[in-house]
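Hello,

Here is the structure I said I would pass on. My notes follow below it.

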Amino acid sequence: MRRAFHRICRALVLCLVSIGAFILAKGYSETVTRVYQPISRQLCALLGKATAFTDRSVMEILLCVLVLCVASGLVTCVVRLLHGSEGRKRALELFSHMTMLLSMIFALFVFVWGINYCADPLEKQMGLSEYQVTQEALEAAYDACIDAANEECRNVDRTKLSNFDAMADLVQDASAAWA
């Protein structure tokens, strides 16, 4: 019983450390951009290679596992609570494991992705500035993009694409709707 209580306390401390790191990072956006982002990119690349066999992201996989673990843990806790004092001890033990799992997933999210929200905005990192765009400039850029896309379409081997005609119709419809 005491071990379970200590595990719950460690899980809460891990959550508090994660939240504290996020709050601390908000005040140091330049440092986050300079120091943390390269580390985060490497971590994301490593996690991406680990899950390259599937078309899902690491966070989607972790969230599915989390939902399954929490659902099965809650059912097990209820069943064990109904079985006397020994069942209650086991339910507390299971609850402590669930708390630790949740806090570890939360910490993983904060340290791999969450702190990036505190970095400098992308336009500041790239040195971009905001300016007004006229309707004519937007239409010229749109026409240039359509022309480039049509040129690329002429270079594509249509025998390798099963749904090419449907995609071409979709582009034609979008172009007609814009005009």
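**What was found**

The chain's secondary structure consists of 7 helices and 0 strands, where helices (H or I, at least four residues) and strands (E, at least two) are DSSP runs numbered from the N terminus. This is a predicted model, in which local features need pLDDT of at least 70 and side-chain atom pairs count only at pLDDT 80 or more, while totals for chains, interfaces and linings use all residues. Residues are numbered from 1 along each chain as its sequence is written, and side-chain values use heavy atoms, with hydrogens and water left out.

Of the 179 residues in the chain, 20% are buried, meaning under 20% relative accessible area with a 1.4 Å probe, protein chains only. Among contacts (heavy atoms within 4.5 Å) with a separation of 6 or more, 77% are between residues 24 or more positions apart.

Helix α1 covers residues 2-26, and its end C-alpha atoms are 36 Å apart. In α1, Ala 4, Arg 7, Ile 8, Ala 11, Ser 18 and Ala 25 are buried. Their cover includes α2 (29-50) and α4 (84-112).

Ala 25 also belongs to the largest nonpolar core, with Val 32, Tyr 36, Val 110, Ile 115, Cys 118 and Ala 119, 7 residues in all. Such a core is a set of buried Ala, Val, Leu, Ile, Met, Phe, Trp, Tyr and Cys residues joined through side-chain atoms within 4.5 Å. Beyond its neighbours within four places in sequence, Ala 119 contacts Ser 29, Val 32, Thr 33, Gln 37 and Gln 125.

Regards

Key: Expected span 1.5 Å × (residues − 1). Buried < 20%, exposed > 50% of the residue type's maximum accessible area, 1.4 Å probe, protein only.
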